[in-house]
Structure formats: C-alpha cells, structure tokens
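Dear colleague,

I am handing over the structure below, and I would be glad if you would look through it with the notes that come after it.

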Amino acid sequence: MSSPEHKQKIWEMIKEIKVGMLVTLDEDMPRARPMHLVQDEYDGTLWFYTRRSAEKVSETDKDHDVCLTFSDQEEGVYVSLSGKARLIDDQALIDKYWNSFIAAWFPEGKDDPEVAMLEVKVEMGEHWKAKESKAFQLYEFAKANIKNTTPNIGENEKFGG
C-alpha cells in the first residue's frame with residue numbers, strides 16, 4: 001500500500017486524465033475498455049459506474065484482479081494501478097457521484113436497476129512522469145544511444161506489492 005502523501009501524488013497524476021483503461025481477464029485473454037473516474041479524491045479506492053449486465057462485471061466476478069492504466073502523453077504522465085475489483089450495490093454511492101455525464105449513459109436515471117458501482121481497491125502500481133519537454137526527451141534518447149546508457153527522462157516509482 002502507499003502513504004496518504006503518495007495517494008495524493010497518484011491522484012494529482014490521474015485526476016485530470018479522467019479516463020483509464022480497465023483490464024480484466026475474459027477467459028484467458030486480457031481485455032481492456034475505457035472507464036471514467038467519478039470521484040473527487042483518492043484514498044486507495046477508485047470508483048466507476050457500470051451496468052450490472054456488463055461483461056466486465058462477470059469477468060471481475062470470476063477473477064477480481066484488474067489493472068487500470070492512465071496516460072497523458074502531452075504531460076508525459078503514465079500510471080499503472082493493479083488491484084481487486086468488485087460490484088457494489090450502494091444507492092448512497094450512486095447518488096453521491098451521479099452527474100450529467102453519467103446520466104447520458106443511463107437514460108433511465110440513477111434508480112435504473114442496472115446501475116451499479118465498480119470498486120477497485122488498488123494494491124500496487126507504478127508511475128512515470130517525464131521531467132522535461134519532448135525535445136529534451138529526444139535529446140536524452142540520442143545521448144543514451146551514443147553513450148550506450150539508459151536515458152534519464154524523468155521519475156519512475158513502483159509502490160505496493
């Protein structure tokens with residue numbers, strides 16, 4: 001797990017990206033689909049709306065292990081988070097995070113029996129943050145190739161696990 005300060009750092013990296021790719025196992029094959037963050041803060045758990053009948057729900061029922069990836073190429077931010085997913089039937093949570101964006105996906109409203117929350121409890125992850133511009137990164141790659149070294153393009157940190 002990570003400290004409150006590290007959780008805040010992760011949140012600062014992903015909160016503006018908003019959409020992460022959720023990877024589940026469909027039988028023996030990994031399958032990814034975009035998921036939209038709905039919360040305003042991060043404490044080690046990520047929340048997403050889902051339909052109860054969605055394939056991701058049956059996939060996470062069979063295997064709770066999931067991975068979420070977030071990337072912002074403009075800012076050089078890449079985050080990979082792994083943890084356990086489960087379907088949550090909690091009307092208070094549904095009400096708490098409901099907004100017009102979500103309503104567009106559920107035209108029958110937040111009381112639709114298909115509406116549920118997918119909870120992902122993050123257990124480990126890794127993140128990368130480029131410290132400089134794309135031009136600097138290209139320079140670092142070229143320099144590393146000439147000197148046969150590894151390029152230094154920014155921060156990389158693993159946590160949990």
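What follows is a short account of a strand pairing and of some aromatic rings.

The model is predicted, so to speak of local features a pLDDT of at least 70 is needed, side-chain atom pairs count only at pLDDT 80 or more, and totals for chains, interfaces and linings use all residues. Residues are numbered from 1 along each chain as its sequence is written, and side-chain values use heavy atoms, with hydrogens and water left out.

Helices (H or I, at least four residues) and strands (E, at least two) are DSSP runs, numbered from the N terminus. Strands β1 (residues 19-26) and β2 (residues 29-36) are antiparallel partners joined over 8 bridges, where pairing requires that DSSP finds at least two bridges between two strands. V19 has H36 in β2 as its bridge partner. The two strands, β1 and β2, form a hairpin with 2 residues between them, and E27 in the turn has a positive phi of about 65°.

There are 3 aromatic pairs in the structure; rings of Phe, Tyr and Trp (its six-membered ring) pair if their centres lie within 6.5 Å, and planes under 30 degrees apart count as stacked, over 60 as edge-to-face and the rest as tilted. The ring centres of Y49 and W98 are 5.6 Å apart with planes at 80°, so this pair is edge-to-face. Both residues, Y49 and W98, are buried, meaning under 20% relative accessible area, with exposed over 50% and partly exposed in between (1.4 Å probe, protein chains only). Y49 and F106 have ring centres 6.4 Å apart and planes at 55°, so that pair is tilted.
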